[in-house]
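Open the structure in your viewer and keep the selection tool at hand. Each stop below says what to select and what is there.

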Amino acid sequence: MPPLLLDDEEAVAVAVGLCTAAGGTIAGIEETSTRALAKLEQVLPARLRHRVNALQAYTEPVPADRPGPTVDPRVLTVLAAACRDQERLRFDYRGHDGSASVRAVEPHRLVSWGRRWYLVAWDVDRDDWRTFRVDRITPRTPTGPRFPHREPPEGGAAAYVARGVSAAAWRYQARVVVHAPAEVVTERINPAVGVVEAVDEGTCVLDTGADSVHTLAVYLGMLDLDFEVTDPPELVAHLRTLTTRYARAVQVPTG
């Protein structure tokens with residue numbers, strides 16, 4: 001590679017990115033990132049080398065609560081190129097239940113969410129948008145013919161993944177009416193936690209969920225807004241229990 005003309009902040013940003021990639025979820029890229037970082041450090045001025053070394057020595061990540069799947073960088077490259085060139089793609093796909101199928105798609109975008117990668121694509125056989133886990137994809141080459149531009153799913157690829165993937169992963173799902181404008185609720189909800197839809201100027205609907213009703217109740221309480229829940233029944237029962245418990249907690253002793 002020819003010499004790069006990077007300013008101080010750009011050089012540090014590249015170094016930090018390589019440090020992050022060294023502990024990422026793309027299989028085989030950890031060692032490559034470490035080698036690239038070592039080469040970069042050799043050409044950094046002393047003042048910048050000290051800054052980068054300080055970042056390495058005095059930062060450490062919190063381990064993930066559960067290990068994430070790794071993806072093959074070659075698969076990411078193939079998928080990204082097919083998205084860029086608007087070429088049809090065929091691949092073997094392993095479902096969450098272990099079933100195998102061959103899919104034909106028009107790839108649109110790669111979405112990185114936490115420790116997972118997803119491909120958002122138009123499924124040719126199902127005539128609809130679909131989301132695929134990249135770690136479950138084995139591309140078939142060569143890629144197919146080019147396809148015309150298609151309007152992306154509503155809200156874009158990242159929002160489509162948030163609506164579909166997170167809901168499928170939750171044990172408990174709830175559709176909550178919140179008595180507040182959609183923009184207010186959106187500011188208080190991480191996209192990984194729920195999707196907000198406006199009803200009118202003062203009301204919206206929150207599609208959310210969690211692995212337990214206890215966690216779901218915490219999410220709703222942190223909104224600090226009035227809301228209505230009708231299902232799931234486990235959540236309704238838990239909220240009633242909390243209502244009684246909190247009422248006891250603030251009772252004023254008599255006598």
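**The whole chain**

Start with everything shown. This is a predicted model. The chain holds eight helices and nine strands. It has 255 residues, and 34% of them count as buried. Now think about contacts between residues at least 6 apart in sequence. Of these, 56% join residues at least 24 apart.

**The rings**

Next, look for aromatic side chains. A search of the whole structure turns up four aromatic pairs. Select Phe 91 and Tyr 93. Their ring centres are 6.1 Å apart and their planes stand at 70°; an angle over 60 counts as edge-to-face, so this pair is edge-to-face. Phe 91 and Tyr 93 are both buried.

Where in the chain do Tyr 93 and Phe 132 lie? Tyr 93 is in strand S1 (residues 89-94), and Phe 132 is in strand S4 (residues 128-133). Phe 132 is buried, as is Tyr 93. Show the three residues together: ring pairs link Phe 91, Tyr 93 and Phe 132 into a cluster.

Now move to Trp 122. The charged end of Arg 150 sits over the Trp 122 ring, 4.0 Å from the ring centre.

**The cores**

Which residues have the most contacts inside the largest nonpolar core? Select Val 178 and Leu 235 to see them; the core has 22 residues. Then colour its suppliers. Strand S6 (172-178), helix H6 (182-188), strand S8 (203-210), helix H7 (213-223) and helix H8 (233-249) each give at least two residues. The largest share, five residues, comes from H7.

Zoom in on Leu 235. Beyond its neighbours within four places in sequence, Leu 235 is in contact with Ala 174, Val 213, Leu 216, Ala 217, Leu 220 and Val 229. Another core, of 16 residues, lies apart from the largest one.

Two packed helices are described by the angle between their axes and the distance between the axes. Show H7 and H8. Their axes come within 10 Å and cross at roughly 65°. The crossing of H7 past H8 is right-handed. From H7, pick Val 213, His 214, Leu 216, Ala 217 and Leu 220; from H8, pick Glu 234, Leu 235, His 238, Leu 239 and Leu 242.

**Two single residues**

Select Thr 208 in strand S8. Is Thr 208 buried or exposed? Its relative accessible area is 2%, and buried means under 20%, so Thr 208 is buried. Leaving out residues up to four places away in sequence, Thr 208 touches Trp 170, Tyr 172, Gln 173, Ala 174, Val 176, Val 193, Gly 194, Leu 216 and Tyr 219.

Finish at Val 177 in strand S6. At 28% relative accessibility, Val 177 counts as partly exposed. Among the residues it touches are Thr 203, Cys 204, Asp 226 and Phe 227. Glu 228 is another contact of Val 177. Val 177 and Glu 228 are 51 residues apart along the chain, yet their C-alpha atoms are separated by 5.2 Å.

Key
Residues numbered from 1 in each chain as written. Predicted model: local features only at pLDDT ≥ 70, side-chain atom pairs only at ≥ 80, totals over all residues. Heavy atoms only, no water. Phe/Tyr/Trp six-rings, centres within 6.5 Å; stacked < 30°, edge-to-face > 60°. Buried < 20%, exposed > 50% of the residue type's maximum accessible area, 1.4 Å probe, protein only. Helix = DSSP H or I, 4+ residues; strand = E, 2+ residues; numbered from the N terminus. Lys NZ or Arg CZ within 6 Å of the ring centre and 35° of its normal. Core = buried A, V, L, I, M, F, W, Y, C linked by side-chain atoms within 4.5 Å. Contact = heavy atoms within 4.5 Å. Axes fitted to C-alpha atoms, helices over the stretch in contact; angles between N-to-C directions. Left-handed = near helix turned anticlockwise from the far one by under 90°.
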